[in-house]
Structure formats: C-alpha cells, structure tokens
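I opened my notebook to look through this fold piece by piece. Here is what I looked up, in the order I looked.

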Amino acid sequence: MYLMGATQVLGGDPGSGFHYVKQVVAGDTAVLEFETTLDGKYVNGVDIIRCDNAGKIVEFRVMLRPLQAINAVHAAMGAILESLKS
C-alpha cells in the first residue's frame with residue numbers, strides 16, 4: 001500500500017519529472033538517489049533497498065529532503081493512504 005501511494009505521490013504525475021540521478025550498489029544493498037517536484041517544491045531523496053539471497057526485497061527505506069518537501073510528501077501520502085483504505 002505504501003509503495004503504491006509513493007508511486008502516485010512522487011512519480012504519478014507525468015510532469016513531476018521524477019528521475020533517478022545516482023545509484024550505489026554494494027552486496028545486498030542498493031541506494032538510489034532521485035529528484036522530482038511536488039506542488040512546485042523540489043524533492044530530493046534516496047531509496048535504500050536491501051535484498052535477501054533469493055533476490056527478494058527485505059528492507060525498503062525512503063529518505064527525503066528538504067523540509068518543505070517532507071511536509072508536502074507527508075500531506076499527500078496521508079491523503080493517498082486514506083483513499084486506498086476504502
């Protein structure tokens with residue numbers, strides 16, 4: 001549910017400009033840096049993904065900046081997650 005919401009909030013708008021700008025892979029962990037805009041605010045973040053020996057994701061974290069982006073994403077994610085409950 002969270003990944004569906006994040007896709008809609010961060011990358012669902014074709015005009016958002018969501019794109020990955022860097023990737024670092026070491027062993028079972030990948031860090032993917034991305035940029036986008038949300039409600040006219042610049043969003044910069046990283047996805048931190050760890051996989052098990054079978055290649056399945058066992059950990060997925062998202063970190064965002066700056067503060068205005070965090071606040072905008074928080075509000076938008078809250079609304080999306082509430083709508084997905086129905």
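**Ground rules.** Helices (H or I, at least four residues) and strands (E, at least two) are DSSP runs that I number from the N terminus. I am working with a predicted model, in which local features need pLDDT of at least 70, side-chain atom pairs count only at pLDDT 80 or more, and totals for chains, interfaces and linings use all residues. Residues are numbered from 1 along each chain as its sequence is written, and side-chain values use heavy atoms, with hydrogens and water left out.

**Overview.** I found two helices and four strands in the protein chain, and along the sequence they follow the pattern α-β-β-β-β-α. The C-alpha trace spans about 35 × 30 × 25 Å along its principal axes. Of the 86 residues, 24% are buried (under 20% relative accessible area; exposed means over 50%, partly exposed in between, with a 1.4 Å probe and protein chains only).

I then went through the pairs:
- β1 and β2 are joined by seven bridges, and lysine 22 stands opposite glutamate 33 in β2.
- β2 and β3 are joined by 10 bridges, with isoleucine 48 in β3 as the bridge partner of valine 31.
- β3 and β4 pair over eight bridges, and asparagine 44 stands opposite arginine 65 in β4.

Most residues other than glycine have a negative phi, and most peptide bonds are trans. With that in mind I checked the exceptions. The hairpin of β1 and β2 has two residues between the strands, and glycine 27 in its turn has a positive phi of about 60 degrees. The hairpin of β2 and β3 also has two residues between its strands. There, in the loop between β2 (29–38) and β3 (41–51), I found aspartate 39, which has a positive phi of about 55 degrees although it is not a glycine. Is aspartate 39 buried or exposed? Aspartate 39 is exposed, with a relative accessible area of 63%.

A cis peptide bond joins arginine 65 and proline 66, with omega about -15 degrees. Proline 66 is in the loop between β4 (57–65) and α2 (67–85).

**The largest pocket.** A pocket, on a 1 Å grid over the protein atoms alone, is an open set of points where a 1.4 Å probe fits, with protein on both sides within 12 Å along at least five of seven lines; lining residues have an atom within 4 Å of a point. Which residues line the largest one? They are Tyr2, Leu3, Ala6, Leu10, Phe60, Val62, Leu64, Val73 and Met77. The elements giving two or more residues are α1 (2–11), β4 and α2, and α1 gives the most, with four. The lining divides into nine nonpolar, no polar and no charged residues (Ala, Val, Leu, Ile, Met, Phe, Trp, Tyr, Cys and Pro count as nonpolar, Asp, Glu, Lys and Arg as charged, the others, Gly among them, as polar).

Note on methods: Pairing = 2+ DSSP bridges.
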